[in-house]
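Subject: Handing over a structure

Hello,

Here is the structure I promised to pass on to you. Please have a look at it first, and then read on for what turned up.

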Amino acid sequence: MAELDTSSGGGKKGGKVRSKKASTKVDLTAMVDLAFLLITFFMLTTTLNKPIAMDIAKPDKDDKSDARLELRASQTMTILLGKNNKVAWYMGEAGKSAPTVQSFSEVRKSILENKQKVQAASGKSIVMVIKPTSGATYKNFVDIMDELAITGIKSAPAIDDVNITDAEVTFLKQQKLL
């Protein structure tokens with residue numbers, strides 16, 4: 001006699017009967033759509049950081065009038081931007097006081113000291129004149145503007161890359177900053 005194979009569940013009596021399980025797949029299409037809608041919503045409603053601009057004053061080349069702003073030498077700090085990430089600064093008039101050569105990491109202390117001296121002596125704020133030279137880079141200019149913002153210089157610095165005096169050029173060449 002032939003025996004009946006009951007191991008596959010195909011037997012009739014006494015065998016195990018297996019039922020088919022339902023599919024466990026989940027349709028994620030709706031969730032993906034919702035995720036993209038949320039991402040789009042948050043991208044459109046989020047405000048990004050707005051760039052902060054610093055005011056600068058530059059002499060007008062076309063101005064032929066004799067009306068010039070007179071500055072007190074005791075209130076004026078001139079910073080010459082040289083090469084190799086160095087600056088030379090002096091208080092007062094060009095050629096009358098010897099410039100001090102410093103790196104960008106040291107110039108903040110000098111700006112703060114001169115700002116306090118001018119405030120104590122005259123009660124007025126310091127006037128900054130920045131003179132970028134041919135040896136300076138754009139990064140140097142941005143760095144010095146950052147230093148002025150950090151030290152709390154409120155007035156717009158005067159940027160003058162045209163009127164660099166002969167005394168300033170001579171000093172920069174002697175110091176190998178030009």
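Let me begin with the helices: the crossing of α2 and α3 is right-handed. Please keep in mind that this is a predicted model. The two helices, α2 (residues 104–122) and α3 (residues 138–150), pack at an angle of about 35°, and their axes are 10 Å apart. On the α2 side, the contact is made by F104, V107, R108 and I111. From α3, the residues taking part are N140, D143, I144, E147, L148 and I150. Sorted by class, the contact between α2 and α3 has six nonpolar, one polar and three charged residues.

Now for the overall layout. The protein chain has four helices and five strands, and along the sequence they follow the pattern α-β-β-β-α-β-α-β-α. Of the 178 residues in the protein chain, 25% are buried. Among the contacts with a separation of 6 or more, 62% are between residues 24 or more positions apart.

The sheet comes next. Its five strands form an open sheet in the order β3-β2-β1-β4-β5, and the pairing is mixed. At the edges stand β3 (100–103) and β5 (158–159); each has a single partner strand, so one side of each is left without a neighbour in the sheet.

Which strands pair with β1, and in what sense? With β4 (residues 127–132), β1 pairs in the parallel sense over six bridges, and V129 of β4 is the bridge partner of T78. With β2, β1 pairs in the antiparallel sense over five bridges; here W89 of β2 is the bridge partner of I79. Strand β2 (residues 86–91) also pairs with β3, in the antiparallel sense and over four bridges. In that pairing, V87 has Q102 of β3 as its bridge partner.

A few backbone details may interest you too. Most residues other than glycine have a negative phi, and most peptide bonds are trans. The hairpin of β1 and β2 has four residues between the strands, and N84 in this hairpin takes a positive phi near 60°. N85 also has a positive phi, of about 55°, although it is not a glycine. N85 sits in the loop between β1 and β2 and, at 41% relative accessibility, counts as partly exposed.

The other residue to check is K176, in the segment after α4 (166–174). K176 is not a glycine, yet it has a positive phi of about 60°. Is K176 buried or exposed? With a relative accessible area of 64%, K176 is exposed.

One last item comes from a record. In an unreviewed entry, UniProt lists residues 28–48 as "transmembrane region". In the model, the span of residues 28–48 is 81% helix and 0% strand, and its end C-alpha atoms lie 32 Å apart.

Notes:
Residues numbered from 1 in each chain as written. Predicted model: local features only at pLDDT ≥ 70, side-chain atom pairs only at ≥ 80, totals over all residues. Heavy atoms only, no water. Axes fitted to C-alpha atoms, helices over the stretch in contact; angles between N-to-C directions. Left-handed = near helix turned anticlockwise from the far one by under 90°. Contact = heavy atoms within 4.5 Å. Nonpolar A, V, L, I, M, F, W, Y, C, P; charged D, E, K, R; others polar. Pairing = 2+ DSSP bridges. UniProt positions renumbered as here; feature names shortened; annotations may be inferred. Buried < 20%, exposed > 50% of the residue type's maximum accessible area, 1.4 Å probe, protein only.
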